[in-house]
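Subject: Structure handover

Hello,

Here is the structure I promised to pass on. Please open it first, then read my notes below.

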Number of protein chains: 2
Amino acid sequence: MPAEPIARSPSGPDAVLRRLSGYAPLAPDEEALLRRITARPVPVPARTELVRDGEAMPRPQVLVEGWACRQRLLADGRRQIVVVLLPGDLIGLGQRRRPLPFGSVATLTSAQVCEAGPLRDCAAWGDGPPGREAGDGTGQPGTGLAAALWQARETEELWLVNQVVRLGRQTAYERVAHFLLELRERLAAVGRVQDERFSFPITQEVLADALGLSVVHMNRTMQQLRRDGLIEQRATAITLRDVPALISIADYAGARRL
Amino acid sequence: MPAEPIARSPSGPDAVLRRLSGYAPLAPDEEALLRRITARPVPVPARTELVRDGEAMPRPQVLVEGWACRQRLLADGRRQIVVVLLPGDLIGLGQRRRPLPFGSVATLTSAQVCEAGPLRDCAAWGDGPPGREAGDGTGQPGTGLAAALWQARETEELWLVNQVVRLGRQTAYERVAHFLLELRERLAAVGRVQDERFSFPITQEVLADALGLSVVHMNRTMQQLRRDGLIEQRATAITLRDVPALISIADYAGARRL
DNA sequence: CGCGGTCTTGAGGTTCCTCAAACCTGGTGG
DNA sequence: CCACCAGGTTTGAGGAACCTCAAGACCGCG
């Protein structure tokens, strides 16, 4: 289930480029590097582990198609999905000298993945053609791939913060609304939202594990959202029928307002 | 309430040095830089906002004494503490070009804080005397302040993952156990745990907001832990009476095993 | 001594969970 | 073509965890 009919929305490799160039303008050779990296995506079936939990130096990879997640398993089998990964997202860019329980990374659907080794140095050091602009006092990477990767990392942290707030202080109903809005924003950044409608290829069980709920309650909550006319689900796609209402319910502060 | 009698445990500025040098060996001039930065700590009362929510380029700071937190407030007044900050922790090292709702940073107790502007460039670029060692294929910062700052950032992400798992899939009882173990590990890294006993200067309300519980339930959960002989609380200090049991209850995987 | 902040306790309600079964759908093999 | 199966969704019923409201107890401090 390669998630999308090839003809329609932007192709996988494109997602990576779109996402990173959304953070900072890329030089031509940087774009070329990304194209080279994403040239030959490797198909991966659903439920495949891409990074083992505790791996110290995971292989850097890029998800070009399909959905994945970072998750942690408890000893008794409970699972918490820490963050959902979408096309264009980076995997395993972190580097630790000691194995730390960051959780494993696994595909949720069939997916396509590329090795992205070259990005690691770049992310770690602010390499890249535009030259470092350190010492300008701002510490702000100006442009280029390094800046984009830095920004991508910041954004990932934002997703984690969002997840904490959802799980800690929101009801099931609010959590789902908030989560859907976040997905919408992230998918829009790679051109995969049209008319508030996007692909939604995960089961309610996965959703439950992401939002800290039981499958049963997840199901009932989705029904409620449908009955309230906020969302509409058909096959493996979802439509947000009333975004302003969702934003209000979820108290959602995306990348825009604050 | 400066949290600690000055005579006893390591002094504030020391905490910063301890923590960073725990990640990577520092060059003498790097140590000197840190000492210079932490030379004149500024006292800050409890409940002071150090970073406003959405601030794009927060001033880099270092917490040398007292506790603080990153938190996000919902429109109706609910509060979620995203992560608790302890002596030696860094604040506002992130840099974003756009305001993002990362949450505000506020002190939980009276505290002492230092400006740490110089660290920003260092964190962003891997500056620092030892010279960059990019291109060695590993992408692993070898030694020095840059490496330590990178590692500190990774560790912060680990705290976020822990928080997500606690809030998403653990019971109140388990959450508290897990949280206390994390505090113990972090405080031990700056030499502030003796005989499984450490300063614990926060109210149950704060604890509740950190662990996504109501104050009342928080209280009852603490009582249960006490009755079970797992912890012992006196004034503003806490003792973990049975660490192995706590680890088992919380399914805790710290920096060591896995 | 009184006061504000924190902790504690009780009672009743809500949200969410578990267990269990039915149903629906798409795919597979006879 | 249909029976069957696996995975996913839906429903019902009862229970556990957690919440809210409200009041009382404790404690350091002015």
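**Contacts with DNA strand D**

Start at Ala172(B), where a polar backbone atom sits 3.1 Å from a phosphate oxygen of DNA strand D. Keep in mind that this is a predicted model.

For Asn219(A), a side-chain N or O atom is 2.8 Å from a phosphate oxygen of DNA strand D. For Arg47(A), the corresponding distance is 3.3 Å, again from a side-chain N or O atom to a phosphate oxygen of DNA strand D.

Now widen the view. DNA strand D is surrounded by 15 residues. The closest are Gln204(A), Asn219(A), Arg220(A), Gln223(A) and Ser214(B). Which part of the strand faces the protein? Sugar or phosphate supplies 67% of the DNA strand D atoms within 4 Å of the protein, and bases supply the rest.

Look at the helices next. H7(A) has the largest share, with five residues. Sorted by class, this surface holds eight polar, four nonpolar and three charged residues.

How many residues lie around DNA strand C? There are 15, and the nearest are Ser214(A), Gln204(B), Asn219(B), Arg220(B) and Gln223(B). Of the DNA strand C atoms that come within 4 Å of the protein, 64% belong to sugar and phosphate.

Ser214(A) has a polar side-chain atom 3.0 Å from a phosphate oxygen of DNA strand C. Arg226(B) has a side-chain N or O atom 3.3 Å from a phosphate oxygen of DNA strand C. Arg220(B) reaches a base: a polar side-chain atom lies 2.4 Å from a base nitrogen of DNA strand C.

Here too, H7 of chain A and H7 of chain B each supply at least two residues of the nearby surface. For DNA strand C, H7(B) gives the most, with five residues. The surface near DNA strand C has eight polar, four nonpolar and three charged residues.

**Two domains in chain A**

Chain A divides into domain 1 (1-144) and domain 2 (170-258). In chain A, 25 residues of domain 1 touch 17 residues of domain 2. The two domains of chain A bury about 1,800 Å² between them. Carbon and sulfur atoms carry 59% of that area.

What else links the two sides? Three salt bridges cross the interface between domain 1 and domain 2 of chain A. Seven residue pairs are in polar contact across this interface of chain A. On the domain 1 side, helix H1 (12-21), strand E3 (61-65) and strand E5 (79-85) of chain A each give two or more residues. E5(A) has the largest share of that side, with six residues. By class, the domain 1 side has 13 nonpolar, seven charged and five polar residues.

**Salt bridges**

Side chains of opposite charge can pair when their charged atoms come close. Over all chains, the count comes to 36 salt bridges. One of the pairs in the model is Asp89(A) with Arg186(A), whose closest N and O atoms are 2.7 Å apart.

Another pair is Arg78(B) with Glu174(A), at 3.0 Å from N to O. Where do these two residues sit? Arg78(B) lies in the loop between strand E4 (68-73) and strand E5 (79-85) of chain B, while Glu174(A) lies in helix H5 (residues 172-188) of chain A, so this pair joins two chains.

Best wishes

Notes:
Residues are numbered from 1 along each chain as its sequence is written. Chains are lettered from A and ligands numbered from 1 in the order in which they are written. This is a predicted model: local features need pLDDT of at least 70, side-chain atom pairs count only at pLDDT 80 or more; totals for chains, interfaces and linings use all residues. Side-chain values use heavy atoms; hydrogens and water are left out. A residue is near a molecule or strand if one of its heavy atoms lies within 4 Å of it. A polar contact is a pair of N or O atoms within 3.5 Å; within protein, one must be able to donate a hydrogen and the other to accept it, and residues adjacent in sequence count only if both atoms are side-chain atoms. Helices (H or I, at least four residues) and strands (E, at least two) are DSSP runs, numbered from the N terminus. Ala, Val, Leu, Ile, Met, Phe, Trp, Tyr, Cys and Pro count as nonpolar, Asp, Glu, Lys and Arg as charged, and the others, Gly among them, as polar. Domain bounds come from an automatic or database domain assignment. Contact means heavy atoms within 4.5 Å. Buried area is the accessible area (1.4 Å probe) that two parts lose on being put together, summed over both. A salt bridge is a side-chain nitrogen of Lys or Arg within 4 Å of a carboxyl oxygen of Asp or Glu.
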